[in-house]
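Keep the 3D view open while you read.

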Amino acid sequence: MIELNKDNFEEEVLKADGTVFVDYSSDGCVPCAALMPFVHSMADKYGDKIKFTGLNITKARRLAISQKVMGLPVMAIYQNGEKVEELVKDDCTEENIENMIKKYL
């Protein structure tokens with residue numbers, strides 16, 4: 001997984017060709033930490049077809065707000081720089097995350 005920050009987000013996500021998965025999290029988000037091993041397993045499983053990235057919004061709040069990330073966790077799919085789907089808070093279950101990823105394989 002590629003660790004995003006405010007310096008590389010545009011290049012890795014908004015200017016990327018193809019499909020990019022973004023895991024938005026923060027240091028104090030317990031559900032984010034609980035989902036992280038699963039998200040990493042999805043990156044191992046599907047990383048040859050989709051670029052997997054993660055953004056810790058603790059140091060990138062303005063960037064998160066610009067992407068309309070208002071609560072955590074958020075799992076988002078971008079295609080050719082546009083956010084096309086996202087799961088927010090309680091919808092971020094392992095089953096929902098994998099089903100969302102499979103739609104874009």
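## The largest pocket

The largest pocket in this predicted model holds about 340 Å³ of space. It is lined by 21 residues, and if you want to find its centre, look for Glu-3, Ser-25, Asp-27, Leu-55 and Asn-56, which are the closest to it.

Which elements give two or more residues to the lining of this pocket? They are the strands β1 (2-4), β2 (19-25) and β3 (51-56), together with α2 (30-46). Of the elements, α2 gives the most, with four residues.

## The fold as a whole

Zooming out, the protein chain has four helices and five strands. The chain is as compact as a globular protein of its length, because its radius of gyration is 12 Å, close to the 13 Å that the globule rule gives for 105 residues. Along its principal axes, the C-alpha trace spans about 30 × 30 × 20 Å.

How much of the chain is buried? The figure is 46% of the 105 residues. As for the accessible surface, it comes to about 5900 Å², and carbon and sulfur atoms own 47% of that.

Contacts across the sequence are worth a look too. Take the contacts with a separation of 6 or more: 67% of them join residues 24 or more positions apart.

## A closer look at Met-75

Now pick out Met-75, which sits in strand β4 (residues 74-79). Buried or exposed? Met-75 is buried: its relative accessible area is 0%, and the cut-off for buried is under 20%.

So who touches this side of the strand? Setting aside neighbours within four places in sequence, Met-75 is in contact with Phe-21, Val-22 and Asp-23, with Leu-35 and Val-39, with Glu-85, Glu-86 and Leu-87, and with Cys-92, Ile-97 and Met-100. Two elements from the pocket lining turn up again here: β2 covers residues 19-25 and α2 covers 30-46, and the contacts of Met-75 include Phe-21 and Leu-35.

Methods: Residues numbered from 1 in each chain as written. Predicted model: local features only at pLDDT ≥ 70, side-chain atom pairs only at ≥ 80, totals over all residues. Heavy atoms only, no water. 1 Å grid on protein atoms, 1.4 Å probe; cavity = no way out; pocket = protein on both sides within 12 Å on 5 of 7 lines; lining within 4 Å. Points joined across faces, edges and corners; volume = space filled by probe spheres on them. Rg over C-alpha atoms; globule rule 2.2 N^0.38 Å. Buried < 20%, exposed > 50% of the residue type's maximum accessible area, 1.4 Å probe, protein only. Contact = heavy atoms within 4.5 Å. Areas by Shrake-Rupley, 256 points an atom, 1.4 Å probe, with all protein chains shown as cover.
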